[in-house]
Amino acid sequence: GLTDRLSDTAQNALCNIVTIFLGLSVGCKAIASTFLTWDTIKIIILGLLAFIFSTVGGLVYGKIMCKLTGGKVNPLIGSAGAVPMAARVSQVEGQKANPVNFLLMHAMGPNVAGVIGSAVAAGVFIALFG
C-alpha cells in the first residue's frame with residue numbers, strides 16, 4: 001500500500017508543490033518592467049506556436065503512418081511528441097477507446113525524440129548566436 005501512496009504523491013501533490021515553489025521563487029525575483037516586455041511576449045507566443053505545430057504535425061504524421069501501415073500504427077502516438085505528460089494522455093485516451101490498448105511505451109518514443117530534437121536545436125542556436 002505504501003508504493004501506491006508514494007506514486008500518487010509523486011505524480012500529483014509533490015509535482016504541484018514543486019511547481020508552486022518554483023513559480024514563487026521566480027516570481028519574487030521578477031520585476032514587471034523587465035519581465036513584461038515585447039521580447040518576453042514574443043518568446044511566449046513563439047513557444048505556444050511551436051507547441052501547437054508539434055502536436056498537429058505529430059497527429060498528421062501519425063495518421064499518415066496509420067494509413068501506410070494499414071492501421072497497425074495508432075495515430076494517437078503522434079500527439080505525444082510535445083511534453084512527457086502527452087504520452088500519458090495518449091495512453092489514457094487510447095484505453096478509453098479500446099481497453100486493450102497499451103500505448104505508453106510507443107508514445108514515449110516520439111516524446112524522447114522530441115526532447116533530443118529540442119536539445120540539438122538548442123545546441124545549434126547556441127553555436128550560431130551564442
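A residue is called buried when its relative accessible area is under 20%, exposed when that area is over 50%, and partly exposed in between (1.4 Å probe, protein chains only). By that rule, buried residues make up 14% of the 130 residues in the protein. This is a predicted model, in which local features need pLDDT of at least 70 and side-chain atom pairs count only at pLDDT 80 or more, while totals for chains, interfaces and linings use all residues. Residues are numbered from 1 along each chain as its sequence is written, and side-chain values use heavy atoms, with hydrogens and water left out.

View 1. Helices (H or I, at least four residues) and strands (E, at least two) are DSSP runs, numbered from the N terminus. From that end, the elements run α-α-α-α-α-α. The radius of gyration is 19 Å, well over the 14 Å that the globule rule gives for 130 residues, so the protein is more spread out than a compact globule. Here the radius is taken over C-alpha atoms, and the rule is 2.2 Å times the number of residues to the power 0.38. The C-alpha trace spans about 55 × 45 × 25 Å along its principal axes.

**View 2. Helix 4 covers residues 38–68.** It has 31 residues. From first C-alpha to last, helix 4 reaches 44 Å, close to the 45 Å expected at 1.5 Å a residue. That expected span is 1.5 Å times one less than the number of residues. The buried residues of helix 4 are Thr40, Gly58 and Gly62. They pack against helix 3 (32–35). After helix 4 comes glycine 70, whose phi is positive, near 70°.

**View 3. Aspartate 39 and lysine 42 form a salt bridge.** The term means a side-chain nitrogen of Lys or Arg within 4 Å of a carboxyl oxygen of Asp or Glu. By this rule the count comes to two salt bridges. In this pair, the N to O distance is 3.7 Å. Both residues lie in helix 4, three residues apart, about one turn of the helix. Aspartate 39 counts as exposed, at 52% relative accessibility. Lysine 42 is partly exposed, with 46%.

**View 4. Lysine 96 forms a salt bridge with glutamate 93.** Their closest N and O atoms are 3.2 Å apart. Both residues lie in helix 5 (residues 84–97), three residues apart, about one turn of the helix. Lysine 96 is exposed, with a relative accessible area of 61%. Glutamate 93 counts as partly exposed, at 36%.

**View 5. Serine 90 is a buried residue of helix 5.** Its relative accessible area is 1%. Contact means heavy atoms within 4.5 Å. Not counting residues up to four places away in sequence, serine 90 touches Leu76, Ser79, Ala80, Leu103 and Ala107.

**View 6. The largest nonpolar core has six residues in all.** Such a core is a set of buried Ala, Val, Leu, Ile, Met, Phe, Trp, Tyr and Cys residues joined through side-chain atoms within 4.5 Å. Its members are Val73, Ile77, Ala80, Ala87, Leu103 and Ala107. Leucine 103 touches Asn74, Leu76, Ile77, Ser90, Gln91 and Gly94, not counting residues up to four places away in sequence.

**View 7. Methionine 105 lies in helix 6 (residues 104–129).** This methionine is exposed, with a relative accessible area of 65%. Methionine 105 and glycine 78 are 27 residues apart in sequence and 13 Å apart in space, C-alpha to C-alpha.
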